[in-house]
Amino acid sequence: MVTQLLANGLIAGCAYALVALGFALIYNTTRTFHFAHGAVYTLAAYLFYTMRNLWSLPLLPAMALTLGLVAIFGILIDEMIYKPLVKRSSSLLIQLLSSLGLYIVIVNFIAMIYGNETKVLSPGVQPTYSLGAVILTQIQVATAVAFAVLFISFFVILRKTRLGKVIRAMRDDPQLISVMGINPLRVRRVVFALGSALAAVAAMLTGLDVGIDPNIGMAAILNGAVAVIIGGVGIFEGAALGALLIGILQSLAVWQASARWQETITFVVLILFLIFRPEGILGTRRRIEEATA
Amino acid sequence: MNYLLHILTMINIYAILALSLNLLVGYTGLLSLSHAAFYGIGAYISTLLVMKLGLGFLPALLLAIAGTVLLSFTISLPSLRLRGDYFVLASLGFQIIVFSILYNWVDVTRGPYGIPGIPRPKLLGLDINSIFSYFVFSAIIAAICAGLLYLIGHSPFGRTLKAIRENEIAAAALGKNVTRFKIRAFAIAAGFAAVPGALFAGYLRYIDPTSFTVMESVFILSIIIIGGTGNLTGPLIGTVLMIFLPEALRFLQIPDAIAANMRQIIYGVLIILIMRYQPQGISGEYRFE
């Protein structure tokens with residue numbers, strides 16, 4: 001029972017981790033609190049639903065098309081919403097508020113077109129696999145595999161490629177990379193495309209597992225953002241670690257209390273971290289003046 | 001006529017919400033997404049005290065204010081000494097937790113069923129029962145709150161908040177305990193939010209958790225962003241505009257099924273446009289810099 005719950009929580013955490021990694025990629029490099037990341041997540045789920053259930057496209061082309069479109073959409077958000085603000089050096093507060101406005105616009109458009117009710121992506125009983133006492137559905141296994149593959153590729157890119165080096169440089173000092181002759185506005189494009197695609201993977205897998213409604217993006221962005229903070233801002237591994245922790249704790253909460261308190265758990269964890277370890281699991285303590293604004 | 005009085009009463013209620021959030025956003029430069037939570041806590045505490053313990057409107061209101069102020073410390077103490085982003089996220093988290101408690105703690109709040117049959121307030125032997133008397137009553141309370149918030153804004157305390165907003169490190173260098181000022185500003189804003197909560201409950205005579213959602217917090221925030229922050233006129237203009245806007249949309253005959261989404265889209269687009277072209281809003285002074 002407990003191992004089953006741990007496994008379920010860990011796999012839910014894998015999906016959160018993909019959202020968190022995408023959010024961290026954008027937040028750590030651009031400093032933009034990309035609240036609309038949640039709306040990107042919702043959009044990905046509905047695009048996938050449209051292609052699979054309304055246009056009956058085969059699974060893999062539908063996934064590939066969703067990923068591509070969502071990546072382009074992520075770039076468009078940056079071009080149309082954030083870049084004009086960055087160019088007139090608007091504050092991060094203004095960017096956050098614009099992002100919140102954008103979230104509202106996208107999610108309500110989706111609700112207007114598709115309605116507020118839950119849509120089921122994969123009807124019927126899913127095939128299951130058993131690993132000892134733990135029984136996992138096909139989609140759960142796919143989620144774990146997708147997370148493992150993407151997590152490893154993410155860090156290979158980050159550590160071993162020139163792009164990864166640029167991303168790390170931008171995380172450490174956004175101003176400095178333009179001195180190095182790299183155009184930060186182009187790095188932003190890559191970061192928004194990749195970050196949005198990561199959220200799309202999580203949205204499609206979670207959608208297949210539990211269905212979708214227009215508000216799924218809210219929980220996704222909350223879990224993702226909290227994961228980034230409790231993992232340690234600026235540390236990509238921390239985001240994934242924080243997300244897995246949230247997944248497991250939520251799953252244990254269902255066992256001890258009820259599923260209704262899942263979101264409450266996330267924030268109790270956040271508050272506890274802010275009190276006792278504000279630098280996050282993997283962060284190092286810095287004075288407030290040193291912290292990047 | 002009653003329709004107009006109803007709208008004006010709602011304007012009074014939302015004016016207090018907007019002006020109190022303005023103390024936080026416009027004066028102190030802190031973005032909070034938990035104002036609807038304090039509004040809801042005020043509504044529920046005062047309602048439960050009136051209905052379960054038979055308290056009068058005023059004592060119940062004062063205890064509700066005390067309750068919201070105390071609860072405000074649960075987020076302000078852990079998060080306000082940290083970066084602004086953390087506070088936004090913590091306030092959003094608080095909002096979600098409060099909604100979850102109002103919705104799921106059925107034994108006390110009746111959860112989704114809501115609380116019907118809330119008595120209209122009685123003050124100094126006067127029954128405030130007609131729509132007109134409730135409008136006058138809410139207008140007087142709103143005026144008192146606006147006056148108090150004006151005095152707070154123009155006191156040395158309010159000027160310190162503005163100094164923190166403009167340059168936190170400079171304010172700290174002048175010997176101001178920045179975190180302590182922020183915590184107090186947050187507590188005051190939360191306490192004021194309890195007042196419209198009690199007014200709303202006494203007016204509609206029914207409350208349920210759906211009046212106090214995240215989207216309601218976003219709505220209150222959008223009132224002051226669109227109207228402008230940092231002074232009194234901005235939030236007041238925003239309130240009048242944003243309460244009349246849905247009524248105007250009603251005359252455009254938009255089908256009910258999409259009217260709610262349509263409204264939200266308009267709010268979202270307005271926030272984006274204001275942030276890009278006129279961050280001080282229609283008539284505010286703070287440009288979120």
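In chain A, strands β1 (residues 128–131) and β2 (residues 134–137) run antiparallel and are joined by 4 bridges. The model in which this pairing is found is a predicted one. Within the pair, A:Ser130 has A:Ile135 of β2(A) as its bridge partner. The two strands form a hairpin with 2 residues between them, and A:Gly132 takes a positive phi near 65° there.

Chain A as a whole contains 11 helices and 2 strands. In sequence order its elements follow the pattern α-α-α-α-β-β-α-α-α-α-α-α-α. Because its radius of gyration of 19 Å is close to the 19 Å that the globule rule gives for 293 residues, chain A is as compact as a globular protein of that length. The C-alpha trace of chain A spans about 55 × 45 × 35 Å along its principal axes. Buried residues account for 51% of the 293 residues in chain A. Of the contacts in chain A between residues at least 6 apart in sequence, 76% join residues at least 24 apart.

In soluble globular proteins, nonpolar side chains tend to be buried together. The largest nonpolar core in the model has 196 residues, and A:Ala17, A:Ala20 and A:Ala44 touch the most other members. Helix α1 (residues 2–30) of chain A gives the most to this core, supplying 16 residues. When residues up to four places away in sequence are not counted, A:Ala20 touches A:Gly224, A:Ala227, A:Val228, A:Ala239, A:Ala240, A:Gly242 and A:Ala243.

Chain B contains 12 helices and 4 strands. The radius of gyration of chain B is 18 Å, close to the 19 Å from the globule rule for 289 residues, so chain B is as compact as a globular protein of that length. Along the principal axes, the C-alpha trace of chain B spans about 55 × 45 × 35 Å. Of the 289 residues in chain B, 51% are buried. Among contacts in chain B with a separation of 6 or more, 77% are between residues 24 or more positions apart.

The two chains touch each other: 32 residues of chain B are in contact with 33 residues of chain A. On the chain B side, at least two residues each come from α3 (57–79), α4 (84–104), α10 (214–227) and α12 (256–277). The residues of chain B on this side comprise 20 nonpolar, 8 polar and 4 charged.

B:Ala171 lies in helix α8 (residues 168–173) of chain B. B:Ala171 has 19 C-beta neighbours inside 10 Å and therefore counts as partly exposed, since a buried residue needs 20 or more. Leaving out residues up to four places away in sequence, B:Ala171 touches B:Thr160, B:Ala163, B:Ile164, B:Lys176 and B:Val178. B:Ala171 and B:Leu161 are 10 residues apart along the chain, and their C-alpha atoms are separated by 9.0 Å.

B:Phe251 is located in helix α11 (residues 233–251) of chain B. With 7 other C-beta atoms within 10 Å, B:Phe251 is exposed, because a residue with 12 or fewer falls in that class. B:Phe251 and B:Met275 are 24 residues apart in sequence, and the distance between them in space is 28 Å, C-alpha to C-alpha.

Note on methods:
Residues are numbered from 1 along each chain as its sequence is written. Chains are lettered from A and ligands numbered from 1 in the order in which they are written. This is a predicted model: local features need pLDDT of at least 70, side-chain atom pairs count only at pLDDT 80 or more; totals for chains, interfaces and linings use all residues. The radius of gyration is taken over C-alpha atoms; the globule rule is 2.2 Å times the number of residues to the power 0.38. Two residues are in contact if their C-beta atoms, placed from the backbone, lie within 7 Å. Ala, Val, Leu, Ile, Met, Phe, Trp, Tyr, Cys and Pro count as nonpolar, Asp, Glu, Lys and Arg as charged, and the others, Gly among them, as polar. A nonpolar core is a set of buried Ala, Val, Leu, Ile, Met, Phe, Trp, Tyr and Cys residues joined through C-beta atoms within 7 Å. Two strands pair if DSSP finds at least two bridges between them.
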